[in-house]
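Could you open your viewer and keep the selection panel handy? Here is a short walk through one molecule, stop by stop.

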Amino acid sequence: MAKPTATSLNHSLGAKLSLVTGAGAVAAAMVVAPTVASAAIIASTGLPLGPPGTDGENNWDVDGDGTPDFELRNSSTEAMFNDLNGGRLVVPGGVSSGGVARLASGITVGATLATGYKFHAGAQNNNTITSSSAVEVAGWNIGDVGFFGFKFTNVSGTHYGWGELDIFGDTDASGFSILRAYYENEADVAIVVGDEGSTATPEPASTIPAIVLLAAGAAGVRAWRRRKAA
């Protein structure tokens, strides 16, 4: 039988190592494979927020991306809640312009709304909420604190949310305040009014049971032994 050369020994050793380390590499890849991010409910920052105490406006950037989604305006005796850059409020189905619907907890805000509600197709630029301390939108009264629904757009698409609105109708025409609001961070995913999501932190990577890793390593060793016996 021919004596093994240094080259053939190196090739044999390389093959053995590749079998063992190859199984380990596969197992390692399985460990670090990231999980797919799921939809999450996010709290809008910068709240409470309402129109300023003097003539002017405060812009509400729901997701903090630098593009305002709504304008909260004090205009003389009127307090307005206006649409900007794709922002829209859920409104009663029967209104032709303006409005903001008062929603019950548990209602879904999404591409499809419950009967009796809708989004305006176009932006509402003079959506008066209170005027001279009187409410100008159906379904609300001075002193009410209730839920409303909305949608807005960013680079990832259309996002749906809900908020809590306090209508106090002050004579300085600040009129109302958004107390809190939440939205879905995944585009085109509906949200349920009152749902604040979970505080749990998702795992950054999938966890493979130890038995899977052991099986992968054992398979490499068995393959190496078979080649050695041959």
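The tour below goes from the sheet to the cores, and then to a few charged pairs.

Before you click, note that this is a predicted model: local features need pLDDT of at least 70, side-chain atom pairs count only at pLDDT 80 or more, and totals for chains, interfaces and linings use all residues. Residues are numbered from 1 along each chain as its sequence is written, and side-chain values use heavy atoms, with hydrogens and water left out.

**Stop 1: the sheet.** Show the cartoon and find the open sheet, in which 6 strands run in the order E1-E12-E11-E10-E5-E7 with antiparallel pairing. Strands (E, at least two residues) and helices (H or I, at least four) are DSSP runs numbered from the N terminus, and two strands pair if DSSP finds at least two bridges between them. Now select 41–43 and 117–119: these are E1 and E7, the edge strands, each with a single partner strand, so one side of each has no neighbour in the sheet. Next to E7, select E5 (residues 88–92), which pairs with E7 over 3 bridges in the antiparallel sense. There, Pro 92 has Tyr 117 of E7 as its bridge partner.

**Stop 2: the cores.** Show side chains for Trp 60, Phe 81, Phe 148, Phe 150, Leu 165, Phe 176 and Ile 178, the residues with the most contacts inside the largest nonpolar core, which has 22 residues. Such a core is a set of buried Ala, Val, Leu, Ile, Met, Phe, Trp, Tyr and Cys residues joined through side-chain atoms within 4.5 Å; buried means under 20% relative accessible area, exposed over 50% and partly exposed in between (1.4 Å probe, protein chains only). Strand E12 gives the most to this core, with 4 residues. Then select Val 109, Tyr 160, Tyr 182 and Ile 191, which are included in a second, separate core of 14 residues.

**Stop 3: charged pairs.** How many salt bridges are there? The count is 4, where a salt bridge is a side-chain nitrogen of Lys or Arg within 4 Å of a carboxyl oxygen of Asp or Glu. Zoom to Asp 144 and Arg 102, which meet at 2.9 Å, N to O. Both sit in loops, so the pair ties together parts that are 42 residues apart in sequence. Asp 144 is buried at 14% relative accessibility, whereas Arg 102 is partly exposed at 35%.

Finish with Arg 180 and Glu 196, whose closest N and O atoms are 2.5 Å apart.
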